[in-house]
Amino acid sequence: MENKTIARNLRLLSQLMELHNENPFKIKSVANAGLKVDKLPFAIQGKTLEEIAQIDGLGKSISAKVWELLETGTMTDLQEILERTPEGIVEMLGIKGIGPKKILVIWKDLGIENIGELYYACNENRLIEAKGFGLKTQEEIKKIIEFRMAGLGKFLYAHAESTVNKLYADLAVWLNKISGEPLLGIAGEYRRCMEIVEYVPFLIGATTPEEVQEKISTFEDLTFEEQADGTFHATTPSGLKIQLHICPKDAFYLQWFELTGNEQHVKEVLTLAGNAPFESEEAIYKAAGLAFVAPEIREGLNEVQLAKENKLPNLITYEDLKGSLHNHSTWSDGVHTLEQMATYCKDNLKMEYFGICDHSKSAFYANGLNEQRLYAQHLEIDALNAKLAPFKIFKGIESDILNDGSLDYSDDILKTFDFVVASVHSNLRMDEEKATARLIKAIENPYTTILGHPTGRLLLSRKGYPIDYVKIIDACAANKVVIEINANPLRLDLDWRWHRYALEKGVLLSVNPDAHRMEGFYDMHYGVLMGRKGGLEAKQCLNAMTLAEISSLFEDRKSNISPL
């Protein structure tokens with residue numbers, strides 16, 4: 001075992017001891033021993049216990065720990081303290097810029113237990129209010145975590161988007177130097193708007209492909225390397241892998257189609273269309289006797305059969321949205337005031353309505369609203385509605401679903417809202433049976449309007465809690481509860497793979513940004529992309545309703561609640 005490994009174990013032990021508020025003198029002794037070991041000019045491996053004890057800065061107690069580590073591969077003290085520490089907390093200790101003291105605040109005060117939750121908290125602006133943190137520290141932590149994500153070789157669609165768009169624009173300009181007006185396209189999972197991408201294929205169709213191959217080295221943005229299969233690969237500064245395919249111009253649309261669709265989709269369509277050159281992708285589907293299938297839904301499910309029967313959904317667009325529901329303000333953990341959020345929604349997004357859903361009282365870590373503060377917020381909403389009319393602010397709340405499935409306000413309070421988003425934020429370790437029963441009870445609450453981020457997942461960092469999707473969706477259908485497509489790029493929950501089932505059951509979906517700042521409204525773009533992948537039409541989307549339509553729906557729901 002190398003000295004660095006020994007030092008790393010000692011450093012981890014000292015950090016965990018500090019995290020658990022153990023004796024400061026012992027913490028300092030272990031930490032100093034780690035530094036000493038790391039700088040030794042000789043290897044400790046092979047030394048006797050007596051020789052190790054003679055090393056300056058180790059002493060009898062720590063030398064015994066080092067000896068145990070060399071003999072067994074671990075230390076009893078370290079194993080015991082690791083058992084008392086969530087795995088995600090240990091992982092956080094590897095993030096530069098936040099030591100044990102800050103992690104203790106993150107863990108105990110904010111209730112965050114892994115890096116995914118920490119990153120989400122940074123996006124929600126929750127860290128700046130915590131002791132010992134500020135905006136600069138929060139942004140630094142966010143950048144470090146994004147760098148770690150990129151190191152995994154996988155990217156959130158939203159994190160790849162700006163890089164891909166810039167590369168496309170720069171390649172388009174560069175292609176002006178190539179003769180014959182080349183064609184350029186983006187393909188693969190990215191074009192299908194998958195929530196996570198590992199690489200992005202680009203395709204160039206040229207009259208003389210050899211010219212592109214010869215001149216690609218002059219493209220200044222990236223250094224492409226030719227592969228054995230004739231493609232060119234490069235990696236962006238952010239770590240995103242790019243594959244460049246080059247083909248004859250008359251083969252462009254067929255190859256673009258082949259590089260875009262799921263393997264099953266491509267096989268089904270080309271079995272009908274053949275492999276002749278095509279002048280467009282539309283021509284491929286026409287030759288197959290099919291309606292054109294949008295790239296987002298080329299997933300090898302039932303889209304080819306629907307195209308054959310001319311029954312493809314008229315997919316929702318961002319322009320279909322009439323309002324934004326599930327938003328936060330400075331009343332809880334948002335960055336901007338209620339008036340700023342509403343005015344931005346009205347003036348910049350040209351929406352008809354805005355739903356405020358600050359955190360409820362159980363979300364103490366997010367400055368959740370107690371009953372007295374709720375009353376004050378409702379007074380502000382009334383005043384703003386008079387000021388901003390005909391634009392409407394709906395009185396909503398993101399009410400925590402407690403362990404037993406109940407919401408964290410009494411019925412007397414719940415009935416004061418226009419709508420209620422019910423969400424789980426705590427105790428995410430239930431098994432499937434308990435988690436499902438918990439959600440169903442919340443869904444059956446007559447005041448629940450929308451089920452928020454149903455699985456609590458955080459992409460690339462935290463799996464959602466296990467639920468029986470069929471039972472949950474069936475319960476929403478039976479109780480006329482809307483299911484949220486949480487548009488935050490880290491969530492995108494409900495997963496698009498379950499949208500079709502929900503829509504078949506008549507469940508409305510709602511593209512909700514979960515915005516904690518004005519810029520967060522734009523996340524609805526990603527929610528719309530996921531809705532399109534799931535086959536969502538505007539008529540099946542809650543916030544694609546007009547102000548009059550959604551007002552009527554909210555009023556009807558409230559009037560149909562029977563008093564207990």
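This is a predicted model: local features need pLDDT of at least 70, side-chain atom pairs count only at pLDDT 80 or more; totals for chains, interfaces and linings use all residues.
Residues are numbered from 1 along each chain as its sequence is written, and side-chain values use heavy atoms, with hydrogens and water left out.

**Helix α18**

- Helix α18 covers residues 371–388, so 18 residues in total, and spans 25 Å from its first C-alpha to its last, close to the expected 26 Å (1.5 Å times one less than the number of residues).
- Helices here are DSSP runs of H or I with at least four residues, strands are runs of E with at least two, and both are numbered from the N terminus.
- Leu374, Gln377, His378, Ile381, Leu384, Asn385 and Leu388 are the buried residues of α18; buried means under 20% relative accessible area, exposed over 50% and partly exposed in between, with a 1.4 Å probe and protein chains only.
- Look down the axis of α18 and its buried residues fall within an arc of 125°, so they line one face of the helix; the arc is taken from the directions between the helix axis and the C-beta atoms.
- On the other side of α18 you'll find Gln372, Tyr375, Ala383, Ala386 and Lys387, which are exposed.
- What do the buried residues of α18 pack against? Their partners are α17 (338–347), β9 (353–356), β10 (392–400) and α19 (411–414), with contact meaning heavy atoms within 4.5 Å.

**The whole protein**

- The protein has 24 helices and 14 strands, and its C-alpha atoms fill a box of roughly 85 × 75 × 45 Å along the principal axes.
- Out of 564 residues, 53% count as buried.
- Among contacts with a separation of 6 or more, 69% come from residues 24 or more positions apart.

**Nonpolar cores**

- The largest nonpolar core has 148 residues, and Leu118, Phe202 and Phe354 have the most contacts inside it; such a core is a set of buried Ala, Val, Leu, Ile, Met, Phe, Trp, Tyr and Cys residues joined through side-chain atoms within 4.5 Å.
- Leaving aside residues up to four places away in sequence, Phe202 touches residues including Val164, Leu167, Tyr168 and Ile242.
- A second, separate core has 18 residues, among them Val269, Phe278, Leu290 and Val304.

- Most residues other than glycine have a negative phi, and most peptide bonds are trans.
- Ala389 and Pro390 are joined by a cis peptide bond, with omega about 10°, and Pro390 sits in the loop between α18 and β10.
- Cys193 isn't a glycine, yet has a positive phi of about 60°; this residue lies in the loop between α11 (188–191) and β3 (196–197) and counts as buried at 7% relative accessibility.
- His326, also not a glycine, has a positive phi of about 60°; His326 is part of strand β8 (residues 323–327) and is buried, with a relative accessible area of 0%.
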